[in-house]
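Visitor: I am new to this structure and would like to learn how to read it. Could you take me through some features one at a time?

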Amino acid sequence: MSPMEYRRFGTLDFACSALGFGAMRLPLHGAAPDDIDREEARRMLRRAVDLGVNYVDTAYNYHGGASEEWLGWALADDYRERVKVATKLPAWKVERRDDFDRFLGEQLERLGCAIDFYLLHSLDADTWRDNVLAHDVLGAAEAALSDGRIAHFGFSFHDTYDAFVEILEGSDLWEFCQIQYNYMDEEYQAGTRGLSAAAERGLGVVVMEPLRGGQLARPTPQVAALWDAAQRDLESCVPAAVCPPESPVEWALRWVWEHPEVSLLLSGMSTMEQVEQNIRYAGRSTVPVGAAEHAAIARVRDAYRDAIPIPCTSCKYCLPCPNKVAIPDILELYNEAVAYADLDGARRRYTWIDEGSGADACTQCGTCEERCPQHIAIAAWLEKAQTFLTVVED
Ligand code: SF4
Ligand code: SF4
């Protein structure tokens, strides 16, 4: 196996492994998210560390709150000093100034060790204004940095590029950020513009969802055929391509690693096989992505986009809906279920939509359709989505 490769982490004096270990999809004994297969997950983590991974990412709410405690236990003995530990404050739960200290204290206790990288979790414009700014979370974080409870401070993010810039420019405390980024999401959320903006400010950038929650690792038959053809082309070209990607996963990861602004990417690994595979890929993460590979990725991207049934651009001009229907989010879930053949994932994420904001709250008043520049028959799609995204019990 190739040795791990290391990269710059913003302006910090830390050479991070190209791959970070995400502790959010650990193996389980059963269906309950907090029933972690602790021994197997620890074997996986230690194998990753032995092979050079030096960044581990968890959060207050991962695995129903069990991930942090597991991580502290799994790193006991001499493994703790071989990695940087990152965890996240549930920023959306902060309702008063001392909530920051309360959550951080609980997290330090769960982990039983120092926190190297502390993030405000899943910031969007609303959480930034209504929780972070409203309750002086930044002041509380500054105090935690000063007294050493945390070593470095950043945020993870899910919203529009404009919201990303607002947050990025909203504090001088940021040393790093964590964004969703993959070959399908160059213009989605922070996107390539956000990646560049963060790097220009000297932030380390951690990439999450390089496989779009696994969607890019499970290609549709049409996309799988495109990858197979690209593989054959690369293997047959003269001179032969250097180290062509061996799977759709490696194609996707290599595309992310090609961006020098990316410090590391996180993978939430659930099996030892995934650990070995991803570390093998990280060991060749600096292999250049050539023109032929870029052309193949572009064909795959087009195939996914051509399969999207609703031409929604997420512009949000249709909002607000008088009945609080989360229109763009629901249409996006429908699109993903179809284009990525990921109905189970879409149905799971549909349950995360705020209560009362589902498609079933639509009264077909038509207000949103008058505002939609894409002239989408929103009410009709919502009706379909409600059926499609709702698991029908037998
Ligand atoms: S048609 Fe439905 S989704 Fe659109 S504004 Fe009216 S209630 Fe809201
Ligand atoms: S206005 Fe139309 S395109 Fe824009 S988010 Fe709403 S449904 Fe999508």
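Visitor: Which residues does Val56 touch, not counting residues up to four places away in sequence?

Guide: Two residues are in contact if their C-beta atoms, placed from the backbone, lie within 7 Å. By that rule Val56 touches Gly20, Phe21, Ala23, Leu45, Leu71, Val83, Val85 and Ala86, leaving out residues up to four places away in sequence. This is a predicted model, where local features need pLDDT of at least 70 and side-chain atom pairs count only at pLDDT 80 or more, while totals for chains, interfaces and linings use all residues. Residues are numbered from 1 along each chain as its sequence is written, and chains are lettered from A and ligands numbered from 1 in the order in which they are written.

Visitor: Which residues touch the most other members of the largest nonpolar core?

Guide: A nonpolar core is a set of buried Ala, Val, Leu, Ile, Met, Phe, Trp, Tyr and Cys residues joined through C-beta atoms within 7 Å. A residue is buried if 20 or more other C-beta atoms lie within 10 Å of its own, exposed if 12 or fewer, and partly exposed in between, with C-beta atoms placed from the backbone. The largest core has 96 residues, and Ala48, Val56, Cys177, Val205, Val207 and Leu265 touch the most other members. Helix H9 (residues 248-257) gives the most to this core, 7 residues; helices (H or I, at least four residues) and strands (E, at least two) are DSSP runs, numbered from the N terminus. Another core, of 20 residues, lies apart from it and includes Val325 and Tyr334.

Visitor: Which residues of H11 are buried?

Guide: They are Glu293, Ala296, Ile297, Val300 and Tyr304. These residues cover an arc of only 100 degrees around the axis, so they are on the same side of H11; the arc is that of the directions from the helix axis to the C-beta atoms. On the other side of H11, Ala291, Ala295, Ala298, Asp302, Arg305 and Asp306 are exposed. The cover over the buried residues includes helix H8 (221-236), H9 and helix H12 (327-339).

Visitor: Which residues come nearest to ligand 1?

Guide: A residue is near a molecule or strand if its C-beta atom, placed from the backbone, lies within 6 Å of it. Of the 15 residues around ligand 1, Cys321, Val325, Cys362, Cys365 and Cys368 come nearest. H15 gives the largest share of this shell, 3 residues.

Visitor: And which are closest to ligand 2?

Guide: Ligand 2 is surrounded by 15 residues, the closest being Cys312, Cys315, Cys318, Pro328 and Cys372. H12 supplies the largest share of that shell, 3 residues.
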